[in-house]
Amino acid sequence: MTLGDLKPGQEGIVASIATVGAVKRRIMDMGITPGVKVKIIKTAPLGDPIEVNVRGYELSLRKEEAQKIEMRKS
Amino acid sequence: MSVTIALAGNPNCGKTTLFNELTGSRQHVGNWPGVTVDKKEGIYKKNKEAVILDLPGIYSLSPYSAEEIVARDYIVKDKPDAVIDIVDGTSIERNLYLSLQMMETRIPMVIALNMMDEVEAKGDQIDCEGLSRILGVPVVPVAARSGKGLKKLMEAALSVAENHQKPERLRIFGKELEDVIAGIAATLGGKDPDESWWRAVKLAENDEVVTGSLGPTEKASVKALVDQANQCADGDAEARIADLRYQYISKVVKECVKKAHKDYVETKSDKLDKILTNRILALPIFAAVMYVMFACTFSENFLFVEGLLSPGKWLEGVVGDLWGIGADGIVSTVEGMGASPWAVGLVASCLDGIGSVVGFLPLVLVLFLLLSFLEDSGYMARVAFVMDRIFRHFGLSGRSFIPMLMGFGCSVPALMASRTLESDKDRKITMMITPFMSCGAKLPIYAMFAATLFADQNQTMIVFSVYMLGIVVAVLGALILNKFAFKSGASNFIMELPQYRVPALKSVLIHGGEKVKGFAVKAGTVIFASTVLIWFLSSFNFSGMCDMEESLLASIGNGIRWIFVPLGWGDWRASVGVVTGWIAKENIVATFGQVFGGVSDEMVEAVMAGEEALPAIGEVFNRVSAYSYMAFNLLCMPCFAAVGAIKREMGSWKWTLRAVGFQMATAYVVAFLIHFIGNIIF
């Protein structure tokens, strides 16, 4: 299961991040690291990107990027 | 002796507000060398010895953006006497991540815990003393907006600077990894052990910039150790180190922050956001906001009231009138002194040149007041959030929407608005295609042709189709540039959506003022010089002053007209029109009025409004070549004022020339296709 599979209102724990380079670093710099709780707040009006709450703030990312973030059930 | 204190922190942490509060109006905005990142410096209001430097807002000291590289190079190489690290108390975990990275450089620093008023309003508590004890860095609670705690903050920063009080190195990477990093640092050697340690951490993180700075022998000698670092981190030390920093932060936060609610709670901002980015309401609200912004700046029928000027247009008129009166006064004084006609002409053209810079200032000011209001309030991030889905197809981000929309009013402020784009690639592409949006000054050209050659057709549709052509070419241009000119840099959209806040009026005003000043100084010279040059060419030939028909410009027109034969209008008069259009696009109509048989000024005004035809242009143009001419002037190099804005924002002549070259080539190809295909059909 990935972050991209979760629906608005659902939450999960990050297991791993399956990408490399600048994108992976950016994801981690923004606080999405293994073990952190992420909650989906909503999707954008046109269906993509999505908004999540992580470490007490709101972050947006594309579904494509969210699908690289592996989750486990909280 | 003066002391330099740098402000560092995440975007939206209140850094700019703090900077404005500390320095007041005594600030200077420049550019960091080689990149389009603002460099702001100011002097502390209460102590003239303290210089305050505002570093760009960043989330990390990684090497992936120009802002991050500028900030970390400054901290590591230029070494300010102290850093004030601004931490937004409402999202303390993410903010402390940058703090930890700065502590790794062991620069003397103080943490300013900002937005404490909001933290308290939420019912949360942060133990500043505890935080300070654990991190080994002074922590001062502040509320930058109300100025609370700033005196204490500066006292702490000055004391840390004076005593060179370095933060202790935190042992957070685990023994195994620390040992490897220490090994790398020892191999690097160097005079400054702190710098070696920092570079060693960066090498373990596979930092491209630091790795690239090594000589071949150094690279070889650290390679084994870097591999070892990766090994003890299951193959990816960069990820492990980021993870370890956050693990440490989580522990610190657990100890020092008491949250009123354990789980996610909806704030006022979240409630507002539910409306503003609502599935159904988002797009209408967005359209309304954009309309208001556009109308405030450019509309001549503001709020649908016929003839009511918008604040931007009104101010433009006032400034233009005042300038006109002043300039006329100067010209008649010079005439009265008995100066020769060429001297009078020179003075008049210089004043015109300055006038065209001055004339843009009101538009730039009004648009930027509105833009910085949207930016500071947090809505700009939502614009990108809403529009990203559409713009990613063209390889751009949702933020490109604003410069492109503003392009329909005037390219100058539109180009300057491209600075809000985060990625360098997006910024460059947006600047190259924004002039394709048909600006207000191009409308008189279409009006002239529509009234003259398309009188029996639906003239509105003809004009509308030119506007649509601009949009289509802009989209295709973005796709082509993305594919062929900018290969690298996969775009991403990992972006903070900050809390909505009422912007501080002071920041908005300072920002607007800066933009106006920057445009006047940086773009002004380009505009001034080229306006005077074209004046000279159009009023002189080798035997002295003359009419435009016999001028050097006419000779040049005759010399270059063959270039335009494939476009259907290989005539010197049409060619001269293109050139005078670079001063201001509406000049084309005035030039035609002159070269097609001395038409009066009132007549030119009427032609511009599309009320009168100019039958003489039928000598040169038929419908197809007229359309080709409109397309060419829509797409080719914009006016000098816009080129000046491109130069200022690109920060380099090389990129400015590339942009202009791209626009000229596009204009030529499109106009050629119109002429070629048009002649087959009609």
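Me: What makes chain A and chain B partners in contact here?

Reply: Happy to start there: 36 residues of chain A are in contact with 45 residues of chain B, where contact means heavy atoms within 4.5 Å. Bear in mind that this is a predicted model.

Me: How do you know how much area is buried between chain A and chain B?

Reply: The size of an interface is often given as the accessible area lost when the parts come together. For chain A and chain B that area is about 3,700 Å², with carbon and sulfur atoms giving 54% of it.

Me: What makes A:Arg62 and B:Asp388 a salt bridge?

Reply: The closest N and O atoms of A:Arg62 and B:Asp388 are 2.8 Å apart. The cut-off is 4 Å between a side-chain nitrogen of Lys or Arg and a carboxyl oxygen of Asp or Glu, so the pair qualifies as a salt bridge.

Me: Which elements of chain A supply the side that touches chain B?

Reply: α1 (21–29), β2, β3 and β4 (57–61) of chain A each supply at least two residues. The largest share, nine residues, comes from α1(A).

Me: Why is strand β2 of chain A called largely enclosed?

Reply: Five of the seven residues of β2(A), residues 37–43, are buried, so the rest of the structure largely encloses this strand.

Me: How do you know which strands β2(A) pairs with?

Reply: Pairing needs at least two bridges between the strands. Strand β1 (residues 11–17) of chain A is joined to β2(A) by three bridges, and strand β3 (residues 50–54) of chain A by five; therefore both count as paired with β2(A). Both pairings are antiparallel.

Me: Why is B:Ser551 called buried?

Reply: Its relative accessible area is 1%, and the limit for buried is under 20%, so B:Ser551 is buried. This residue sits in the loop between β12 (544–545) and α23 (552–560) of chain B. Beyond its neighbours within four places in sequence, B:Ser551 is in contact with residues including B:Leu537, B:Phe540 and B:Cys546.

Me: What makes B:Ser551 and B:Leu553 a polar contact?

Reply: A polar atom of the B:Ser551 side chain lies 3.2 Å from the backbone nitrogen of B:Leu553, and the distance limit is 3.5 Å, so the pair falls within that limit.

How values were computed
Residues numbered from 1 in each chain as written. Chains lettered and ligands numbered in written order. Predicted model: local features only at pLDDT ≥ 70, side-chain atom pairs only at ≥ 80, totals over all residues. Heavy atoms only, no water. Helix = DSSP H or I, 4+ residues; strand = E, 2+ residues; numbered from the N terminus. Buried < 20%, exposed > 50% of the residue type's maximum accessible area, 1.4 Å probe, protein only. Polar contact = N/O pair within 3.5 Å; in protein donor to acceptor, adjacent residues only side chain to side chain. Buried area = accessible area lost by both parts, 1.4 Å probe.
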